[in-house]
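Here is a friendly note to read alongside the coordinates. Please keep the viewer open as you go through the points.

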There are 6 protein chains.
Amino acid sequence: MGPLNFNHILTQATDRLSESESYQGLFHQHTDGTPLPSAKALRRIVELTRSILFPGYFGNPIVNSRTLKYHIGVDVEHLFDLLTEQVMAGLCFASQDGCACATTLRDRAAEVAASLVERLPEMRHTLHTDVEAAYNGDPAAHSFGEVICCYPGLRAIANYRLAHELLSMGVPLIPRIITEMAHGETGIDIHPGAQIGTHFSIDHGTGVVIGETCIIGNRVKLYQGVTLGAKNFPLDDEGNPVKGIPRHPILEDDVIVYSNATILGRITIGREATVGGNIWVTEDVAPGTRIVQTKAKN
Amino acid sequence: MGPLNFNHILTQATDRLSESESYQGLFHQHTDGTPLPSAKALRRIVELTRSILFPGYFGNPIVNSRTLKYHIGVDVEHLFDLLTEQVMAGLCFASQDGCACATTLRDRAAEVAASLVERLPEMRHTLHTDVEAAYNGDPAAHSFGEVICCYPGLRAIANYRLAHELLSMGVPLIPRIITEMAHGETGIDIHPGAQIGTHFSIDHGTGVVIGETCIIGNRVKLYQGVTLGAKNFPLDDEGNPVKGIPRHPILEDDVIVYSNATILGRITIGREATVGGNIWVTEDVAPGTRIVQTKAKN
Amino acid sequence: MGPLNFNHILTQATDRLSESESYQGLFHQHTDGTPLPSAKALRRIVELTRSILFPGYFGNPIVNSRTLKYHIGVDVEHLFDLLTEQVMAGLCFASQDGCACATTLRDRAAEVAASLVERLPEMRHTLHTDVEAAYNGDPAAHSFGEVICCYPGLRAIANYRLAHELLSMGVPLIPRIITEMAHGETGIDIHPGAQIGTHFSIDHGTGVVIGETCIIGNRVKLYQGVTLGAKNFPLDDEGNPVKGIPRHPILEDDVIVYSNATILGRITIGREATVGGNIWVTEDVAPGTRIVQTKAKN
Amino acid sequence: MGPLNFNHILTQATDRLSESESYQGLFHQHTDGTPLPSAKALRRIVELTRSILFPGYFGNPIVNSRTLKYHIGVDVEHLFDLLTEQVMAGLCFASQDGCACATTLRDRAAEVAASLVERLPEMRHTLHTDVEAAYNGDPAAHSFGEVICCYPGLRAIANYRLAHELLSMGVPLIPRIITEMAHGETGIDIHPGAQIGTHFSIDHGTGVVIGETCIIGNRVKLYQGVTLGAKNFPLDDEGNPVKGIPRHPILEDDVIVYSNATILGRITIGREATVGGNIWVTEDVAPGTRIVQTKAKN
Amino acid sequence: MGPLNFNHILTQATDRLSESESYQGLFHQHTDGTPLPSAKALRRIVELTRSILFPGYFGNPIVNSRTLKYHIGVDVEHLFDLLTEQVMAGLCFASQDGCACATTLRDRAAEVAASLVERLPEMRHTLHTDVEAAYNGDPAAHSFGEVICCYPGLRAIANYRLAHELLSMGVPLIPRIITEMAHGETGIDIHPGAQIGTHFSIDHGTGVVIGETCIIGNRVKLYQGVTLGAKNFPLDDEGNPVKGIPRHPILEDDVIVYSNATILGRITIGREATVGGNIWVTEDVAPGTRIVQTKAKN
Amino acid sequence: MGPLNFNHILTQATDRLSESESYQGLFHQHTDGTPLPSAKALRRIVELTRSILFPGYFGNPIVNSRTLKYHIGVDVEHLFDLLTEQVMAGLCFASQDGCACATTLRDRAAEVAASLVERLPEMRHTLHTDVEAAYNGDPAAHSFGEVICCYPGLRAIANYRLAHELLSMGVPLIPRIITEMAHGETGIDIHPGAQIGTHFSIDHGTGVVIGETCIIGNRVKLYQGVTLGAKNFPLDDEGNPVKGIPRHPILEDDVIVYSNATILGRITIGREATVGGNIWVTEDVAPGTRIVQTKAKN
């Protein structure tokens, strides 16, 4: 008895899996040849952004100040091209009317890509403050270079800052894919909708969750496993969650949250407050205070 | 002094590392030319399964309803072939007698692969309920498509459902490798032996652990960092843990568990109960109740 | 309006991003053609180490005891070459004087690589005890082989043991990159500076953090989400953290720490103590004792 | 002295090479983002055509008659997509007005691709006669399969037949690239404009050249090194060669030409004539005759 | 009008191309899952043979005499494994009865592979004489190394010597594929059935053809474009060529043939004879004589 | 009987192949870790040169005049780096004293690479004349672009011009590898030592051979299969060919040579002479004359 005997099983399964009632809701039909945003292209976009913003650390291994401009020029152009294409795929995915007007969408995508490129110098400036914060906040760090090369927190923040810009420009789907890439790499899940100030650092980071409507001030530091989540959310008349309502915490400037703390709901953790590890916080914390878990028992 | 001066160190180390007493227990000898299950092939199997179950979202970027069947047909055949080969490698790995009868093992592997293919339509049906649950449970989700593309919870659940089928058919080693792949990608560790109902969702997910003998009902929702683990386990006369004893929690229908809660032992969390975050639960929780952490102190 | 209209935006952004004040501190200039340590080469180094230490499980799929030596010989030589090159890149990165003397650094790098190769047999011996501990500590494990193939804990420990050796030999940057690779793959973050005894196991592991100055005895077991961190750290006169001060916990022999426990500061968890899950520990725990979280409330 | 000393040479050369008078005529500017036809994509198109026409010999290694249709369906769709894109690139390359109307060109390209797909069954039929001729004409051939797998003559003819169809549909540039691919692989250079009957075979083939306006009947056989070329060609008033004038030989049915013969100009080699090797033929050869080189001398 | 409008053309073409009368004779059905010999695997086999026979020139770039043995050991084992698999595929392709007994074929394939491995030292010895002949015969050659690295003649001869061994052991199809690989790379087409002595050299080589039943002595040198072919061949009663009859030239020791000479039929070119370029030879040439083309005319 | 039974054959063959008397003369030992020139790197060097000289046709598919300079700058730097490394490998290969002074060789290699970069603008200028000649000489050519994209003659000439520059600077081995790459791709074998004027074209080209000491004027055109070779060469006292003696033909300006003509020895083909196909020429041809083969006979 050889594999051929299973042929009818294969063809039957193929028939059943190709029936429209079977794939209803799980099939993405590309009516006009525009594929979904590509994970591979978005990964390349993230890499290009890294090599533009941190030259010499990512991308081409040999660059020096004389030839730096050529590398940045090529990377910027490549980023623009890839981003135009991916933003168009994202717009197409989200449009209700089957991408009726490809030319319009492409023009819109190119504008978004150009705006993002224009924002790169400022994005680099902000990331510089994040590198500084990570370096100053960790006795184990020996140099800025080590932070840039090795620290997962910085990678997650860099992806977030890129994704947040794109979301602000109205790009659908793609910002989330970009932060989920960092989530997969680092275990740090920052929703692109969150608003985060300068000098932000996340140490170690695995398990951190920062929800869509969080507002985080400057010089905030989070440790691994911290959740800034929603406590619950209102449902509409059909029982579906209402989208877009502020439901995540506000952390003011200079807050520190230790590992595995869970902070839920639209509450405020006041300026310079410290939240100890492994606690469950659902009420405001006053500025400058420090809360910790009730002592364990033997 | 050049690298050649180190040649004697290299050859000495090679000699020591090639002594049988050195590699005892850490060396897998392939007596009959059948290699171990291949991580690369299993990754391909997972990808094929995804493109069969969610056409248009994974796999070939351009499919439409007219040509869908060709793609599914090719993918199903490819899946069958790869799975036959890998299941055979798994059976061979686990067999005591050195794969004495390769033909028998191959026939058995082909039967398993065919059974798995037959189960795909039902697997798709169940995953549909999981997509629905994730969408309905997250105000930040804009469409089924976003859940399918981006949500790590769904990826981990899809790998689990595939692995669970294979484990049910008696396949060794491979189910665990498949769930560990999802673990690496998402930080969600679901043992393939767990039993899980429909409409299951895991939000964010990093750090979730679901043990081998867990039983989970329908419409259950877990947040990141939740552990459903064993409290302790009996040892046999030689001090080794006894395998296969029920030792993980039972979660009944409609249970919600918040982030970083640890639930240990063969206890029951009753229907519609809610378990708050960051708590340590080692006793039954009654249906419909809600437990949270003792309030933190300043 | 076509993409060409955005050309001036691209060239302007390129100009701004190429100004030295813009990239100050974020640009790694390779003055002498020596690139940074390469993530790709270090990944290969980790793979080679795995295939030397666990032959038949990693690397070439077909090896048998007659030809094993050839494979180990080739892998050892390849490891030596790659490591020499990467260690040199690491030394160059850390040197203050722009790698003035490439020949000296290369000789030093070759010595380090040779020393590492000499340590491989002992490293294999210690990892053997770790495999044993994982197998004995998990009722779900069916064989040593399953532990070696599937268990993320073992991968993280193997990377740590390699990185720790390199750090002991004074290699900069690279040890951290190697442990961060495991962190990315497994969610387990072990600083290469930590000191860890034999028979060490980490179950599931996502979210585990082990700090730079931890001292861990023999037969210690950690579960997922455990933090062994610093509580706080002294700043120097300029407000920067003082490097290298002992600030992480000491775990004596036979300690068990359950999931999501956070243990902070230079405290001692005594021999055979058990720390329950989800607790925040900042004081010594006496040998043989068991501490758990205060009971949750309804 | 290190590599940095050469930086000014690099930047000077870059400046000179970027001056428009330097690259005049050698620079292809892609004004609208449509790249040139891609050698890689065209190679894939040739491979797809081969796997559709000779299933089981090229492409997916495992096909059987039950699942054959799925494979052909997927390959046909993929061929159509790639061809549409490449034909569009070819039309754009040749258009005088800078691809003013991308939509029109894309529609035209899709029509061409669809026509080519429609012609595949007939193309297979003709290639079948070529396989037969090669098999019957070579005592060293053991099977049709050997001819299909190994014979460079058949590969060159298959590329020619594909390219000839595309040229007949008015596609610029691409047909020539496709025959040049075969030229590179086999040393056989057949211009896509040549007209060639059924049962055509080329044995060994290296060095064969068949010019643009050749007309070749049925059952013709050529050996290696045969040239069917132009003797000379009229120039126009500006001294440029006049394009498109018939200037290559006509070979009637059942002609055989031996190795390294050179046949030049619009002459006719009559039905069933035999042309011996290494001769220079610039006049008609009567049907049924046989000409050979003047005897060599000592 | 979008691409979807062509869907019916694609499905119709798929239907026609999937009809059995359409693919009759051009479809290789793999009844038992054994694919055809793989061009990729055979290319690897050739590369492995080269790195075993010319260590340091091909394969691993860094080898030295201390570790050479490890490299050869690994390469020999890899060659054996790949060859076993490919020879089995070749035997299966040629067997009349559908590979009824896979185990028998695999045993036979392993024996062939082992015999080939045993013959490698002698094959290296013979190739050494070929390298010597090329070096001594070309004033432009500066070293043995240059001959080994650059000379296409040597590559073609090396592939021929490997293929000839395999053909002598009764392996079908594969020897021809191996010599056709060299044909594609170098334009030199040596049939694996030819018998060729030591110190054989081919200079430049493009267009050389050496037929199946040629017998070539020692120290023979050929230039580019030389054909050693069949003049004609007897047909059997059904009009098919009779296989295996001696029909190609015999070249005795120390013969030189200049470029583009065509020598046809079972004739003998005597010891130390010289054949000038561009001539057509169909009769014996006496030992020690020299023949050239009749002088050209103005 | 399984594959393991052949283990002793494998180990015996490994032993024999590792004996120094066996590999004598065929083994390249890399005494100082510098590998041979790498075919892969040299292929990349050729590609980079093509994309610098013919921007838009090779290399990055999307370039426009605004961003062209960035691309050329990056390519020039990359070319310089790769070439430095490869030239050093070539110098090391040829040096008698085992690369005693790596630093000196590297400096010398960087100077060569910089000189080559400086010569690029002139090389582009000369190639421009070659493109023009090919276009003007072929009625089948529709544009410069078609010549650049498709014509094998141009590729071979471009590789030759690059290799010739390197040879003029004293680089060993590499020039020959570069022209052999073109030989493999196109069947055109031009020795890098030949001297060739402007407006040079080779039509079709397979089988063309141009020897080391050829001197070719301006506006010369060759067809496929033309040999410009040595008739014979003097031997030294030990019977080895004397290197470097002028032994190949001189073709003055405006010469045309038709297909398969063989021209041998240090003879002169005078200005504007035409050499017909398939002839053997070993004596001078007067300027302006035309010679053809003696008429064939029936």
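The points below cover the conventions, the chain pairs, a helix packing and one histidine.

1. Conventions. This is a predicted model, in which local features need pLDDT of at least 70, side-chain atom pairs count only at pLDDT 80 or more, and totals for chains, interfaces and linings use all residues. Residues are numbered from 1 along each chain as its sequence is written, chains are lettered from A and ligands numbered from 1 in the order in which they are written, and side-chain values use heavy atoms, with hydrogens and water left out.

2. Chains E and B, interface. Nine residues from chain E and nine residues from chain B take part in the contact, where contact means heavy atoms within 4.5 Å. The copies meet through the same surface, because 100% of the interface residues of chain E are also interface residues in chain B. About 860 Å² is buried between the two chains, with carbon and sulfur atoms giving 54%; buried area is the accessible area (1.4 Å probe) that two parts lose on being put together, summed over both. On the chain E side, E:Asn7, E:Arg66 and E:Tyr70 lose the most area to chain B, together 50% of what that side buries.

3. Chains C and A, interface. How many residues does each chain bring to the contact? Chain C gives 61 residues and chain A gives 67 residues. Between them they bury about 5,300 Å², 61% of it on carbon and sulfur atoms. In chain C, the residues that lose the most area to chain A are C:Leu17, C:Leu26 and C:Trp280, together 16% of what that side buries.

4. Helix packing in chain D. Helices α3 (residues 39–53) and α7 (residues 152–168) of chain D have axes that come within 11 Å and cross at roughly 105°. Helices here are DSSP runs (H or I, at least four residues), and strands are runs of E of at least two, numbered from the N terminus. Axes are lines fitted to C-alpha atoms, for helices over the stretch in contact, with angles from 0 to 180 degrees between N-to-C directions. α3(D) and α7(D) are therefore roughly perpendicular to each other (angles of 65 to 115 degrees). From α3(D), D:Ile45, D:Val46, D:Thr49 and D:Arg50 make the contact, with D:Arg155, D:Asn159 and D:Leu162 from α7(D).

5. E:His204 sits in the loop between β3 (201–203) and β4 (209–210) of chain E. Its side chain makes a polar contact with the side chain of F:Asp189 at 2.7 Å (a pair of N or O atoms within 3.5 Å; within protein, one must be able to donate a hydrogen and the other to accept it, and residues adjacent in sequence count only if both atoms are side-chain atoms). Neighbours within four places in sequence aside, E:His204 is in contact with residues including E:Pro152, E:Ile188, F:His183 and F:Val209.

Notes:
Parallel < 35°, antiparallel > 145°, perpendicular 65-115°, else oblique.
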